[in-house]
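Please read it alongside the sequence and the coordinates.

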Amino acid sequence: MSFTSFRYLIFIAVFCVFYFLLPGKTQKFYLLFASYAFYMYAGPAFGALILAGTVVSYFCARFFEDGVLGRKRLWIAIGAVYTIGVLFVFKYLDFFCGTAMRVMGRSYAHQLALVLPVGISFFTFAVAGYLFDVESGKIKAERNFINFAVFVSFFPTIMAGPIGYARNFLPQLSAPKKYDAGRVQRGILRFTWGAAKKLVVADTLAIIVNTVYGDVSGFSNGLVLLAAAAYSLQIYFDFSAYTDMAVGTAEVLGFSVMENFRSPYLVTSVKEFWKKWHISLTSWLREYIYFPLGGSRRGKARTYFNVLVVFAVSGLWHGAAFTFIIWGLLNGVYQVAGELTKGARSRLRAFLRIPEDSRLLWLWRCAVTFALVTVAWVFFRAGSVSQAVLIIERMLSVFVSGFGVMDFASLGLMKRQAVVLLLSLIPFVTEDIYIARGKQRPELEKRELGYWAAVVMLAVLIVSFGNYGEGFNPQDFVYFKF
Amino acid sequence: MTRGRSAAVTALAVIVFLVFSYGTGYMLLPERDDYGCTWDTFLSEDRNSIDVIVSGSSLAYCDVIPAVIWEKTGITSYVMAGPEQTIPISYYYLREACRTQRPTALFLEATGMFYKQYQDYTKVNIGYMPWGLNRLRATFEAAESSELPGLLFPLYDYHSRFFTAAPSEIKARLLRDSPDRLAGYTLLNKAQDPGKTIYRKFAADDENYRRNLSYIKSLAKFCAGRDIDLYLYIAPTRKLIPEDMLQRLKQDAANIDGINFIDFSDPKFNFGFDDSADWYDSLHLNVSGAEKFSSFLAGYMSDDLGITAGGKGDVRLWQSRADYIARQEIGK
């Protein structure tokens, strides 16, 4: 059930009516039931998968803490192997077998072609993180099974994150959730903000991207470049919209979940970009892979190696394909290259007498970072490595043979639609600038008229210019496939 | 802010949103004045000025010319039909039409009894109805579930017109409609040989037929309560309803109080059609054929059925309608 579907609105409205009326313990059962219903709507059999993962990790953590059989770490290993194993079987087995067979010069005729359970990468990482936290003593094993099951299946975040941390989430289950008008209003506004971002901006950008990626050879260099940049924006507005809607829904229910983005394109390096992009995943990888590998404490060469490993895993996490691995590695390489050239770039700036706090320099760095990230996103979006290489060739050809014919009409957007897209970007980009300056979102809910004016304007924007209904091709959230 | 004020602001926000959504939904609806669904123009007729309302599918709106009936008899009539319109939708059309008109007779073209439960034009047929109970009931009872979002929230279907509609189209929607010069008739002015008479194929759906019959019963009850004569008729066509189906319909109609059944496809009726000049296709008459049929129907109404002119129609309007039809020529 997509957050942007009418069904979801009905679901959440009906759910909330009873949610706040129920007493504490029943409220948790109700939330658990709703979370399973929500998840199983995508595929009833997936419920069993998530239940099994919950049971295994719950008992493994408890057995670890209780020292059952006198082999504490064994239980964490079993839990982690089971959790990551499930992810491996569903997501990577075919890929690895196919690749191995190709390397051996054989054909892989026994594809399992398993249906990938929605959100599997998200909840398996949440569960694995919990086991590692218990093992390292950051948290105690949860004794209440219902609490733990709610953590694993929490419906606002189960489909595409933000990846939950048990240490943040479980304490929030200690008290029943009472209706808090301010919080509910804040949640509704955040949800509506995300819906507008997705339906008006991201899905309109998707029209350009899908048109060009569908037939790269049919477009000029300039338009291919434009489509690549449009994808950088699309994926950001798409995924951050999902996060807004997840955070908003959780807020309505009385929960705080991790923010996933902090104006990631208003940064001056790829390293900084990764501190502000998909924060829940980046934090997970840093905490459970980068630090255990030694982080930056074992010399430069090892640090660079660790960065590359983390980003290769990040790529693989996104999908079982070489395009994702290259995307991840490319981001790692950017950061290593950034570190290696740091001194030289500093000397060049001094030579050119460009002050470090120059606004032009900031803009230049932002532009370069955006360009680098955009090149990497080409691998993320392309259907194959060869298609990605072709697109990058075409993008770089701009410097040799120019932009070519810029026939904007061929991008699939109507004139008025393009104007609306540009105008709709204004509030969302403004928000990003606002957050990049370290400010908090304004608490509009404290001003009743201002709050409802904002909600109504967003709703009007969605129903008027959103990609829904007849004549449109609404897109699934990009991260649903991970 | 007090709780009362807070509730008032919330309610105001909801009202503003709904007014915007339904207002723009109305504004963006493509203008439509033929192939049935002429609700806006129908509503601009003088109240209680129509003596006879005709409903059904294209077999109604392509074959019956109200202006010809008026010219022959003074009876004012209006065709409220839609493409492939199903019986339940026609039922709600007639109920809705009777909110502003007090006809003495309703004519329902009954081929729709054998249509599938959902034909191809549900959105168009219901989407132009005025908002109210009849529209809502038609939506929930006669529309496929995939059409519900657009029928209940028209922007769902038409908001793309924010990007495509010309200002003149929007202006035309916002201006008050003047009465339809064809009074619901759809003018077809090309001629084609209809070919030999054949039987039309319908998907056998007994359950749907029974459902349709229940709507006919409801319509008969509705008419009886308002002293309206109800006529179920079959239009003249070269694609006949299979004999067994037609017999069943005749039998069922005969068992319902207050229903008069007329089969104009029966060869006993001689309308004087010329195969080279009067047919649009094997199913529908063109304007020349429709003039002949309507002329016959006018005489049949007044001489055989005893329908009389109420005399409340705007004579100048009806004369202009008759003049307009008289000016029509095949092929032009």
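B:Met245 sits in helix H13 of chain B, which spans residues 243-254; helices (H or I, at least four residues) and strands (E, at least two) are DSSP runs, numbered from the N terminus. This is a predicted model, in which local features need pLDDT of at least 70 and side-chain atom pairs count only at pLDDT 80 or more, whereas totals for chains, interfaces and linings use all residues. Residues are numbered from 1 along each chain as its sequence is written, while chains are lettered from A and ligands numbered from 1 in the order in which they are written.

With 18 other C-beta atoms within 10 Å, B:Met245 is partly exposed; the scale calls a residue buried if 20 or more other C-beta atoms lie within 10 Å of its own, exposed if 12 or fewer, and partly exposed in between, with C-beta atoms placed from the backbone. Once neighbours within four places in sequence are left aside, B:Met245 is in contact with B:Phe114 and B:Phe202, where contact requires that the C-beta atoms of two residues, placed from the backbone, lie within 7 Å. B:Ala224 is 21 residues from B:Met245 along the chain, and the C-alpha atoms of the two are separated by 26 Å.

In chain A, A:Leu49 belongs to helix H3 (residues 46-66) and counts as partly exposed, having 17 C-beta neighbours inside 10 Å. Leaving aside neighbours within four places in sequence, A:Leu49 is in contact with A:Val86 and A:Pro117. A:Leu49 and A:Val86 lie 37 residues apart in sequence, and their C-alpha to C-alpha distance is 8.7 Å.

## Positive phi in two loops

Most residues other than glycine have a negative phi, and most peptide bonds are trans. A:His278 has a positive phi, near 45 degrees, and is placed in the loop between helix H11 (270-276) and helix H12 (279-290) of chain A. A:His278 counts as buried because it has 22 C-beta neighbours inside 10 Å.

In chain B, the phi of B:Glu84 is likewise positive, near 45 degrees, and this residue lies in the loop between strand E2 (77-81) and helix H5 (87-97) of chain B. B:Glu84 is buried, with 20 other C-beta atoms within 10 Å.

## Domains of chain A

The domain assignment of chain A gives domain 1 (21-176) and domain 2 (183-481), the bounds coming from an automatic or database domain assignment. Taken over C-alpha atoms, the centres of domain 1 and domain 2 of chain A are separated by 27 Å. Between these domains, 19 residues of domain 1 of chain A are in contact with 20 residues of domain 2 of chain A. On the domain 1 side, the elements that give two or more residues are helix H4 (72-103), helix H5 (120-135) and helix H7 (155-158) of chain A, and H5(A) gives the most, with four residues.

By class, that side of domain 1 of chain A divides into 11 nonpolar, seven polar and one charged. Here Ala, Val, Leu, Ile, Met, Phe, Trp, Tyr, Cys and Pro count as nonpolar, Asp, Glu, Lys and Arg as charged, and the others, Gly among them, as polar.

## Nonpolar cores

The largest nonpolar core has 130 residues, and those with the most contacts inside it are A:Leu205, A:Val209, A:Val224, A:Ala227, A:Tyr242, A:Phe379 and A:Ile462; such a core is a set of buried Ala, Val, Leu, Ile, Met, Phe, Trp, Tyr and Cys residues joined through C-beta atoms within 7 Å. Helix H10 (residues 221-253) of chain A contributes the largest share of this core, 21 residues, and the core draws at least three residues from each of domain 1 and domain 2 of chain A. Another core, of 73 residues, lies apart from it and includes B:Leu59, B:Ile234, B:Ala290 and B:Ile307.

## Contact between the chains

Between the chains, 18 residues of chain A are in contact with 20 residues of chain B. Helix H19 (415-436) and helix H20 (448-465) of chain A each supply at least two residues of the chain A side, and the largest share of that side, 10 residues, comes from H20(A). By class, the side of chain A that touches chain B has 11 nonpolar, four polar and three charged residues.
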